[in-house]
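Take a look at the model below. This report starts at the ligand and then moves out into the protein.

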Amino acid sequence: MPRFALLRLLLPMMVGLLCAPAAAEDGYDLWLRYRTVEPQWQEGYRTAATAIVVEGESPTLAAARAELERGLAGLLGRPVPTTPEAAGDGAIILGTPRSSPLIAGLGLPLDRLGPEGYLIRSITLGGRRAMVIAGRSDVGVLYGAFRLLRLIQTRQPIDALDLAEAPRLERRLLNHWDNLDRSVERGYAGLSLWDWQKLPHFRDPRYTDYARANASIGINGTVLNNVNSNADILTPQFLEKVAALADVFRPYGIRVYLSARFNAPMAIGGLETADPLDPRVRAWWRAKSDEIYRRIPDFGGFLVKANSEGQPGPQDFGRSHADGANMLAEAVEPHGGIVMWRAFVYSDEVPTDRAAQAYDEFKPLDGEFRPNVIVQVKNGPIDFQPREPFHPLFGAMPRTPLMMELQITKEYLGFATHLVYLGTMWEEVLDADTHAQGEGSTVARVIDGSLDDYAHTGMAGVANIGNDRNWSGSQFDQANWYAYGRLAWDPDVTAGAIAGEWARMTWSNDPQVLEPIVGMMMDSHQAVVDYMTPLGLHHLMATGHHYGPGPWVDDLERADWNPVYFHRADREGIGFDRTASGSNSVSRYAPEVAARFGDAGTVPEEFLLWFHHLPWDHRMAGGRTLWDELVARYTRGVTAVAGMRQAWAALAPHVDAQRHAEVSDFLLIQQEEAQWWRDACLAYFQSLSRRPFPEGYAPPAHDLEYYKAIRTPYAPGN
Ligand code: GCV
């Protein structure tokens, strides 16, 4: 073959290789991808990390060693030895003062780290450069190992380190709404990870990867089963399976917890009552707790949804939430367990305003709970809506530890296919000022215990994890799992910083890729609020599955299941009057907050219609009428999604093909659905406002009847 012919044949392949995007990826590796760093970083990292020396033996220290071995081999592009003999200049030394005389002898300031903190310091040892990763406990060391890997994954220098960190919250938990048949309530990522039928004997390696991912962001507990719980989880048959999972998670610092069905003594215990003051019931729970702790000595405790949405609870027996929680707390207390009692109460009778119900029920109980009870409060007073003001209980229960519950899974935010980064939403609520003890009494300071000196602190995130290859149902939903963990560790990290970290580790450190991705993430929550529920509207979604718009729904059994109850739109105006002239639920906030929210002139625009019912021609700060503003906001949301699609399309040459294609397809779904939301809601609201569309804004493509007729009977997660 003539030489030029060969060249002609090879040239396209050579060009292809040079321009080829990264190898195919499916998202399984999450943010722990450990791809080799760019050549310009290799030399520096390799000299600063020449060997891994773990001082001491324990399953947790072994996990730290294994993670560093795996991570550094990937990142540095070559294996890093782990034998003490290999230790020379640049060794990484890990351990605790208890596991290692060497570390004990270094006199490191570990005391202020608490039980889970870590310190990473560059030192000189016997004339050689070294890096020490130390903690007071093995799990602190493990967290430090992950931190070092994160530094490299995000291309930070590691040759002169002096870092110390400890988690701000004690309990950093995932709440799985997983049923025993492996369906997941509000789950959009496949089946439950927990393969109960094959447990305890088959311990899917994926359980370990789940634990690694959680430990990498500091999550230290997992509630395995749905809060709408099945008492069978407490039978010996299932407890054996739970114990197997606990064994897998333990080395990673993760304790298991269970959702307890309040009437379990009746359902599986043969009693005819579950009255928390009945001695037989109390004895049953004590014996059950003893049994659990015999199997799982580090069992975390119980999570309970009681007297809410049909779940049994103490009120069925004429007792209070405190009576119920205290009975369980007494049962686990000898073992060091806790009870997380949910404040998402939602009575069978329609209250005046659901936004006030939890407050009215729990505020009078402040100080009535045993010390090992934490009351778990959702971020907002209704139910994980696209945007809610902070829950009025935050700051209102100084004598009861409150933990915050966030929903990582996107029940009301477009399920898995809408790209919505929740970090910004959570940051907004954590930064909100409750004014409970004057200015600066942020929700973050309530839940980290610093405001009221809580004995226990915590955060719970309703998991978005299932057995889909990519874990979360979409590549970008992994960011919400990540962001949740990071905020539970430190509620003051900014959403922007978290997005940057995650994007670097999950996609690329190349600014050309990073900047557009972070930009998309940071704008995405406002976009979904705009195209679903702008200006403080809420609960406009279709019935049951909550997929798609249904603002017209008015025929459900209970008034407060109907979207019309929440938006109250009519010929004259729109919005829920929660001021003194309406339900007055605004009065549950501290006076400064109540005054600001309660005045249509001072309430932040994003909560305008949450608190106020206003005429369609109400003048907005920007000069538009309320109707025109509504149209503009809905339209802005759709336009933002189109912008995300464009930004993502431009990244095709820089992102591996499989993940790129998946995100592209999902963005197309999101764009179509954003349009559907806008058009359906505006068609409906216009049928009431009877106002024209402002100039330059297209009317909906179809008439209202078209949107009303859309049915999605098999939507997931229901
Ligand atoms: C687990 C909402 C969800 C329910 C969920 C409930 C809760 O109402 O739609 O699926 O039940 O919140 O948080 O208990």
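An oxygen atom of the ligand sits 2.5 Å from an N or O atom in the side chain of glutamate 411. Taken alone, the ligand exposes 330 Å², and the protein buries 97% of that. Accessible areas here come from the Shrake-Rupley method with a 1.4 Å probe; for residues, only the protein chains shown count as cover.

This is a predicted model: local features need pLDDT of at least 70, side-chain atom pairs count only at pLDDT 80 or more, and totals for chains, interfaces and linings use all residues. Residues are numbered from 1 along each chain as its sequence is written, and side-chain values use heavy atoms, leaving out hydrogens and water.

**Around the ligand**

The ligand is surrounded by 15 residues (each with a heavy atom within 4 Å of it). The closest are Glu185, Lys305, Arg342, Lys378 and Glu411. By class, the shell has eight charged residues (Asp, Glu, Lys and Arg), four nonpolar ones (Ala, Val, Leu, Ile, Met, Phe, Trp, Tyr, Cys and Pro) and three polar ones (the others, Gly among them).

Several side chains make polar contacts. A polar contact is a pair of N or O atoms within 3.5 Å; within protein, one must be able to donate a hydrogen and the other to accept it, and residues adjacent in sequence count only if both atoms are side-chain atoms.

| Side chain | Partner | Distance |
|---|---|---|
| Asparagine 228 | Glutamate 185 side chain | 3.0 Å |
| Asparagine 228 | Glutamine 311 side chain | 3.4 Å |
| Arginine 342 | Glutamate 405 side chain | 2.6 Å |

**Two residues in focus**

Asparagine 228 lies in the loop between β7 (221-223) and α7 (236-249). Helices (H or I, at least four residues) and strands (E, at least two) are DSSP runs, numbered from the N terminus.

Is arginine 342 buried or exposed? Arginine 342 is buried, because its relative accessible area is 2%. Buried means under 20%, exposed over 50%, and partly exposed in between (1.4 Å probe, protein chains only). Arginine 342 belongs to strand β10 (residues 338-342). Leaving out residues up to four places away in sequence, arginine 342 touches residues including Lys305, Lys378 and Glu405 (contact: heavy atoms within 4.5 Å).

**The nonpolar core**

A nonpolar core is a set of buried Ala, Val, Leu, Ile, Met, Phe, Trp, Tyr and Cys residues joined through side-chain atoms within 4.5 Å. The largest one has 229 residues. Phe249, Trp285, Trp481 and Phe685 have the most contacts inside it. Helix α21 (residues 657-689) gives the largest share of this core, twelve residues.
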